[in-house]
Amino acid sequence: MNDEHAPPTPAVGLHGLTKRFGDVVAVRAIELEIGDGEFFSLLGPSGCGKTTTLRMIAGLEFPTEGSLTIFGQEVGTLPPNKRPVNTVFQNYALFPHLDIHDNVAFGLRMQGVGKKDASRRVGEALEMVRLGEMGTRRPSQLSGGQQQRIALARALVNRPKVLLLDEPLGALDLKLRQEMQGELKSLQRELGITFVFVTHDQEEALTMSDRIGVMHDGDLLQVDPPESIYEHPVNRFVADFIGQTNLLEGTVEDADTICLANGARIPLTTGLPVGTSVAVILRPERASVTPRADDAHGRSSVDGVIRSVTYLGNSIVYQIGLDWMKIDVREENRPDTHRLDAGAEVTVSWDHRAVSVVEN
Amino acid sequence: MTVAETADTAIVIDEGVAAATPEFERAAERAKARRGFLIALPAYAYLVLFFATPLVIVAVYSFATRNRFGATELRDWNLESYRRLGDSLVRDIVFRSLWLALLTTLICLVVSYPFAYFLATRSPLVRNVMLVFVMIPFWSNFLVRNFAWRVLLGNDGPVSRVSELIGFGETRILFTPTAVVLGLVYGFMPFMILPLYAAIERIDLGLVEASRDLYASGWQTFRRVLLPLSMPGVIAGSILVFVPSLGAYVTPEILGGAKTTLLGSYIVTQFLTARNWPVGAALSFVLMIVMLFATIIYFRKGGRTL
C-alpha cells in the first residue's frame with residue numbers, strides 16, 4: 001500500500017537515459033516520468049530519437065547510460081521477454097507463417113498459458129478489435145487496417161502494464177487513420193493501460209494524447225499537455241514543429257515592448273532582459289486581415305500586401321508580404337467573411353494575448 | 001416484337017466481338033510459347049542427350065544378363081540384378097551410406113545455420129566478403145583438397161600431433177567412417193550455407209524483435225519464428241548435401257578405409273572390377289529413384305509448413 005501523500009509510482013521512468021550508436025548520440029540524457037494510465041506521445045521529426053527511446057523501453061535497444069524503470073522496477077538491461085510491456089510495430093510484424101489466431105496467441109503461449117485459456121483470451125481480443133471472424137486467415141489475406149488491429153490485439157491480449165506504439169497508423173490512409181485514432185483513444189480509456197505512442201504527426205499527437213513530449217536531435221525539448229505545447233512552446237523548434245506558425249523576428253526593447261525586424265513596435269510583456277533576440281509566434285488563425293487602416297483599435301498590427309489567396313473550403317489562407325518577410329493568415333470561411341484579393345494593401349492585426357514569444 | 005428483335009441483334013453483335021478476341025489471344029499465346037521453347041531449346045537438347053538418354057540406357061542395362069566372361073548381353077531380360085540388391089553385403093553398404101549421408105547432412109545443418117544467420121545479419125560489405133571466403137575452397141581442385149585431408153588426418157599428421165601435445169595421444173582417424181564424414185562435411189558445407197543464407201536473409205528481422213517482445217526467449221524465437229520461416233533454405237540445403245553425400249565416390253575412396261565401402265565405390269567396383277554392369281546399373285537406378293522420391297516428399301512437406 002502506498003502512502004497517501006507519496007507521489008504515485010510512474011508507469012515508466014526515464015532518468016538521464018542516453019543512447020549512443022558509436023559517435024552518434026541518438027538520445028541525450030532524457031528525464032521523463034509517464035503516469036499510470038496516461039496516453040503519452042513522443043513527437044518529433046524522423047531521426048529525433050523518439051523511436052530509439054521507445055525501443056529502449058521495449059528492451060530492443062539497451063541504454064548507454066541512465067536508468068529506466070517500469071512501475072519502479074529497474075529494467076534497463078532486461079531482455080524484451082522479461083518486461084511487462086508489449087509493442088505495436090510500425091509495419092505490424094505479424095508472423096506470416098501463423099494464422100491470425102496463432103499470431104494473437106503467440107505471447108500467451110510463450111508465457112505458458114494453457115491452450116484452452118489462451119484460445120478464450122484470443123477470442124476476446126479479436127472481438128475487442130472487431131475481427132472475431134478472422135482467426136483462421138493468414139496475415140497476408142488481411143487489409144492494412146485489419147493487420148493493424150491484429151497487431152493491436154496481439155499486444156493487448158497479454159494485458160501489458162505499458163503498451164508501446166511505434167507509428168502504428170503511419171501506413172494507413174487518412175480516413176482509416178482518423179478512425180483508428182478514435183478507436184485507440186477509447187480503447188486506452190476503457191482498459192486504463194498506459195500508452196506510449198511514437199509519431200511524427202503533430203495533429204495525431206494533439207488529438208490523442210494526455211501529454212506530449214517533443215523531441216529533436218536526441219533531446220526532449222518539452223513535455224506538456226497538448227494545449228500548453230500549442231499555446232506556449234518553449235522554443236522556436238517546438239513552435240515551428242507543432243502546427244503552422246509565423247515567426248516574427250524581433251528584439252526586446254523594454255519590459256512591455258518588442259521591436260520587430262522592420263522597426264515596428266508591438267506591445268508585449270515578456271519578462272526577458274532588454275536586447276534579447278526573440279521570435280514572436282503568431283499562429284495563422286490568431287490574426288485577422290482587414291483593408292489598410294491607420295487605427296488598429298488597440299491591437300498589435302503590421303502592414304502588408306496580399307501575395308496570394310488559397311481557398312481551402314472551411315477557411316481561406318492569405319499569404320501576406322510584409323516588408324521583410326512573408327506570413328500566412330487564415331480566416332474562417334463564414335457567410336459574412338469579406339474576401340480580399342491578391343494585391344490588396346492590408347493590415348494584419350492581432351490581440352496581444354494571442355501571441356507568445358520564444359528566445360532565439 | 002420489334003423490341004425483342006433489336007435485343008437479339010444486339011446479342012449477335014456482342015457475340016461477334018467476343019468471339020474475335022479469344023481467337024487473337026490464342027494466337028498470341030501460341031507465338032509466345034513458341035518463342036519460349038526456342039530460347040530453352042539448347043538446354044533441353046543438352047539434357048535429353050546427356051541426361052535422359054544415359055538414364056534410359058542405365059535402366060535397360062539393369063535388366064540385362066551378364067555372361068560367363070563378364071560381358072553384358074542385351075537379351076534374356078530378367079530381374080536377377082535387382083534380386084542381388086537384397087544380399088546382406090549390399091544391404092549393409094546401403095545402410096552405411098544412408099547413415100553417413102544423414103550424419104553429414106545433420107552436421108552441416110547444425111554448423112551452417114548459426115553461420116548463415118550471422119552472415120545474413122551483417123552489413124552488405126561484410127556479407128559479400130564472407131561469402132567469398134565460403135567460395136574460396138572451390139577455387140582449388142576437389143581431389144587435391146581431399147588429399148590435403150589425408151595429410152591432415154594421417155597418424156603422424158598435424159591433427160594427430162596436436163592431439164598428442166594436449167595429451168590425448170596419437171589419433172587414428174584416417175581410413176575410418178569419421179574421416180569420411182569429416183571430408184564430406186568439409187566438401188559440401190557451402191551447399192548448405194548458401195541456401196540457408198538466402199532463406200534467412202529474406203526474413204524480416206522485425207519478426208524476431210516481435211517474438212522477443214511477445215515473451216519468447218532466444219531459443220523459442222528460433223524454434224517458433226526463424227526455423228519455420230527459413231524452412232525452404234533448410235530443405236534445399238539438406239537435399240543439396242544429402243544427395244551427393246549418398247552417392248559420394250571421391251571422398252570415401254581417399255579418406256575411407258577398405259572396411260567402409262560406400263554406395264559410390266560399390267557401383268564403381270561393379271562396373272570396373274567385378275564387371276557386372278547389370279548389378280551396377282540396377283543399384284544406380286534404385287538409388288536415383290529413392291533420391292527422387294525423397295526429394296518429392298521433402299518438397300511436399302516443406303511446401304505445407306510455409
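Reader: Where is B:Leu55 found?

Author: B:Leu55 sits in helix 1 of chain B, residues 2-62. Helices here are DSSP runs of H or I, at least four residues, and strands are E runs of at least two, both numbered from the N terminus. Keep in mind that this is a predicted model: local features need pLDDT of at least 70 and side-chain atom pairs count only at pLDDT 80 or more, while totals for chains, interfaces and linings use all residues. Residues are numbered from 1 along each chain as its sequence is written, and chains are lettered from A and ligands numbered from 1 in the order in which they are written.

Reader: Why does B:Leu55 count as partly exposed?

Author: Because B:Leu55 has 13 C-beta neighbours inside 10 Å. A residue is buried if 20 or more other C-beta atoms lie within 10 Å of its own, exposed if 12 or fewer, and partly exposed in between, with C-beta atoms placed from the backbone.

Reader: Which residues is B:Thr221 in contact with, leaving aside neighbours within four places in sequence?

Author: B:Val208, B:Ser211, B:Arg212, B:Ala216 and B:Leu226. Contact means that the C-beta atoms of two residues, placed from the backbone, lie within 7 Å.

Reader: OK, helix packing. At what angle do the axes of helix 3 and helix 10 of chain B cross?

Author: Roughly 145 degrees, and the axes of helix 3 (residues 88-120) and helix 10 (residues 231-246) come within 9 Å. The axes are lines fitted to C-alpha atoms over the stretch in contact, with angles running from 0 to 180 degrees between N-to-C directions.

Reader: What kinds of residues make up that contact, by class?

Author: Nine nonpolar, seven polar and no charged residues. Ala, Val, Leu, Ile, Met, Phe, Trp, Tyr, Cys and Pro count as nonpolar, Asp, Glu, Lys and Arg as charged, and the others, Gly among them, as polar. On the helix 3 side you'll find B:Ala101 and B:Cys108, among others, and the helix 10 side includes B:Gly237 and B:Phe242. Both B:Gly237 and B:Phe242 are among the buried residues of helix 10 of chain B.

Reader: Over to the cores. How many residues has the largest nonpolar core?

Author: 100 residues, and those with the most contacts inside it are A:Ile57, A:Val104, A:Ala153, A:Leu164 and A:Val196. A nonpolar core is a set of buried Ala, Val, Leu, Ile, Met, Phe, Trp, Tyr and Cys residues joined through C-beta atoms within 7 Å. Helix 4 of chain A, residues 144-156, gives the most to this core, with six residues. Another core, of 46 residues, lies apart from it, and B:Ile93 and B:Ala236 are among its members.
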